[in-house]
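Have the viewer open as you read.

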Amino acid sequence: VPEEDRHNLGQHDMNARLAMLLAGRTAEKLEFDEYSAGAENDLKEATRLARRMVTHWGMSARLGPVAYHTSEDHPFLGREIVQDHRPFSEHTAQIIDEEVAKILYAAADRARQVDTDRRQELDALSEALLDREELDEREIEALILGKDLTV
């Protein structure tokens, strides 16, 4: 099934997606020894996915197979009112935050390891993007395999 048609991903696929979302930020740190604001959307998406893994799909051994989410559909209520009526304690909310952070740190570590292990390919992709601005899937694959791009 094409990726855009998949609606049921496993935990392994979600963890890989998190690492992918954090890989650009990690590459910035590796290359320039600092982060930029450019990763804002990736961080937002990664955090949203990690939180859903914990609160919607029970993907935390510490919290177990329990759904801890509140309804996100409150167009007429202020956020404070909705948060005051969550069906779990402040302690559980803290554990949720800790588990989300744990998942994100693991994904960042995986991204860092891949970026470090594949530094040569990362540099080749960077150089090609500086030359061409865009690469298609075939070109990316060729670069990763160590082949030169044909003009």
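Which residues does E99 touch, not counting residues up to four places away in sequence? They are V54, S60, R62 and L63, where a contact means heavy atoms within 4.5 Å.

Before going further, a word on what you're looking at. This is a predicted model, in which local features need pLDDT of at least 70 and side-chain atom pairs count only at pLDDT 80 or more, while totals for chains, interfaces and linings use all residues. Residues are numbered from 1 along each chain as its sequence is written, and side-chain values use heavy atoms, with hydrogens and water left out.

Back to E99, which sits in helix α4; helices here are DSSP runs of H or I, at least four residues long, numbered from the N terminus. E99 is buried, at a relative accessible area of 7%. Buried means under 20%, exposed means over 50%, and partly exposed lies in between, using a 1.4 Å probe and protein chains only.

Now for the nonpolar side. In soluble globular proteins, nonpolar side chains tend to be buried together. A nonpolar core here is a set of buried Ala, Val, Leu, Ile, Met, Phe, Trp, Tyr and Cys residues joined through side-chain atoms within 4.5 Å. The largest one has 22 residues, and L18, M53 and I96 touch the most other members. At least two residues come from each of α1 (11-32), α2 (40-55) and α4 (90-117), with α4 giving the most, 9 residues. Looking at I96 itself, its contacts are R51, V54, T55, L63, Y68 and F88, leaving out residues up to four places away in sequence.

A second, separate core has 5 residues, including A128, A142, L143 and L149. Look next at how α5 (residues 119-132) packs on α6 (residues 137-144): the angle is about 140° and the axes are 9 Å apart. Axes are lines fitted to C-alpha atoms, over the stretch in contact for helices, and angles run from 0 to 180 degrees between N-to-C directions. The two helices, α5 and α6, are therefore oblique to each other, a label for angles that are not under 35 degrees (roughly parallel), over 145 (roughly antiparallel) or 65 to 115 (roughly perpendicular). From α5, E121, A124, L125, A128 and R132 meet E139, I140, L143 and I144 of α6.

Finally, find H69 in the loop between α2 and α3 (79-84). H69 is partly exposed, with a relative accessible area of 36%. H69 touches T55 and H56, again not counting residues up to four places away in sequence.
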